[in-house]
Amino acid sequence: MQRYHRLTVKNFSARFLRLVGAAAIAAATLPALAQNNATEYRFTFPDVVHHVVQVEATFHNVPQQPLTVQMSRSSPGRYAAFEYASNVFEEKFTDESGKPLTVTRPDPRSWTVSGHHGTVHVTYKLFGNRVDGTFMAIDTTHAHLNWPATVMWAHGFDDRPSKLSFVLPEGLNWKIATQLYPTNDPNTFTSPNLQYLMDSPAELANYAIHTFQVPALKPGGKAQTIRVVAHSQATDAELAEYFAGVEKIVKEEQAVYGELPDYEPGYYTFLADALPWDNGDGMEHRNSTVMTSRQLGLSVVAHEYFHNWNVERIRPEGLEPFNFRDVNMSGLMFVAEGFTQYYGNLAMIRTGLTPMPRGMMGFARDISNVINSPSTQYRSAMDMSRMAPFVDGASDLFPTYFNNTFVSYYTFGDVVAMGLDLSLRVKTNGKVTLDDFMRAMWLAYGKPGGPAPGLVGHPYSIADVQTQLAKVSGDPAFAADYVKRYMIGTEKVDYASLLQHAGFVMKKRGGATLGNIYLMKKGDPVRRGQAPAGPETLKVAASTVIGSPAYLAGLDLDDELVSVGGMAINSSADVEKAIDGKKVGDSVELIYKRRGQEVRSKAVLAADPTLEIVPVETAGGTLTAEQKAFREAWLGTKVK
Ligand SMILES: [Zn+2]
């Protein structure tokens, strides 16, 4: 729904960037003229032990009226709201001579500064100690800086460039890795505008780096440079294996699109942070990605690298431009994240980095979640996409019913993508695939670029999805039907019969079950954000699924499960043991405590609806030559 309108403002730097156009995009450093009103940031690290960075920002050529600066509420690729202003302290606003300026607070994350003479200088300290793709972290091993969590920015300055200088702490041997534009000074970088700045996190650490070239697939194409930065405790052998895996994935995904994007700073940078105290995360950016986890892993590489086309350049409506004052919402997250999820999994299988049977189990889990969730009866892939701001790392004190009302747009989109890929392959005898669709989206909306570095010129709509699908399939009626029923609507394709073409059997597990009961040892109550009270007992920690035997027997959140069929329950495994040997339709007694009262109830065991996908040849059948060829074309490597 949002398009980039800001460049219509009569602003010198914006017009300049537009006039210079492609030349400015290609240049590795910013034109000198644009630097005159560049916002300057300087970062010092007076107290890494206590996770504190000092930030100095200078805003030049400030128009006569009061200037409002603010900390962001959201970060690119993370769709929930966070108040990054909460960790700012000792903020001081002065003019060019160091004289304090008058400051008012229009809202919790903004400062309005008046009485200046064209220059506003602010210094502040900031605490940060969460290593992931959304916040920022400082410690004795690194500064992991995500800009929305770190810098104050000025309203009305979106098109202005900025210059960032780092004063590295002594004796820690830190280097700086980022997609920001390099300068002749290794500790100084630039950004052409606010959108690009916020999208360009930096890792300051004593890291390992591996650089490689990816030759073009087409004659006359341009080779691209990829840098892999790893801040980890991995051994040299582990690093070598990781770097080799990254190269394999990059080439496999290049084959889907036929080319790599042209990276504005001259290279793409993987920023891997793998330390025992890290949080698991992956965050895509235009010319880089941040990946954090306890150990170096490749499936996150396969997902994030696919984003450098899908999301970073093929960007849906609603995500362009990023709105740092609030959150973004898009009904197309299932394409942005879900199709990326599908291709990440596919790249892992195609490269052989994930064994095929295990990869298929992953697809089965996603199909199972979509088919079996009560929520997908009334919420489509587009509806789930619009819920991203409620679920993407959002934490609230109030409990939600998401176990019954939500399926991730990653999962849903993965399943929609697989259904579409297989439908196209079956319909055209393998002549047209989802790879063709992604390439068409790239050529129509990604490759043409935007009005300035970091901006996307044509964020696509669901109508655009239909247009490209009609084009590649050569069948507008098929495209209209598919979009209407499976993307906007809540219908599901027949996965079992589609998978048969590739020689896979999809079936329900079928054994007797009570339904998923998620048990945790907890005090009372078990809700997030509330301190446990009373002794820890085994409680149901998530809503039971509507229609499941446990749900129908009245079991729900916070209930203390005492026994099943006469067997005392001390762990989740005990629930399985208690119904072991029982049949679908058998009745078992549940005893549980609710709000101090004992409740006795009967549950009728149902057939386990969890889906499995197994190769026909391991399920007692024979793989035909036709199925083998179909499977090979789908899951085999595309790298020649
Ligand atoms: Zn993603």
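## The annotated domain

An unreviewed UniProt entry lists residues 40-206 as "domain: Peptidase M61 N-terminal", in the numbering used here and with a shortened feature name, and such annotations may be inferred rather than shown by experiment. This is a predicted model, in which local features need pLDDT of at least 70 and side-chain atom pairs count only at pLDDT 80 or more, whereas totals for chains, interfaces and linings use all residues. Residues are numbered from 1 along each chain as its sequence is written, and side-chain values use heavy atoms, with hydrogens and water left out.

The span 40-206 is 3% helix and 43% strand, and its end C-alpha atoms lie 25 Å apart; helices (H or I, at least four residues) and strands (E, at least two) are DSSP runs, numbered from the N terminus.

## The zinc site

The zinc ion has protein donors from H303 (NE2), H307 (NE2) and E337 (OE and OE), at 1.9 to 2.8 Å, where donors are N, O and S atoms within 2.8 Å of the metal (3.2 Å for Na, K and Ca), and sites may look incomplete as water is not among the atoms. Along the chain these donors follow the spacing H-x3-H-x29-E. Because H303 lies in helix α5 (residues 299-306) and E337 in helix α6 (residues 333-350), the pair ties together parts that are 34 residues apart in sequence.

H303 is buried at 9% relative accessibility, and E337 is buried at 1%, where buried means under 20% relative accessible area, exposed over 50% and partly exposed in between (1.4 Å probe, protein chains only).

## The end of a helix

Just after helix α4, G258 takes a positive phi of about 85°.
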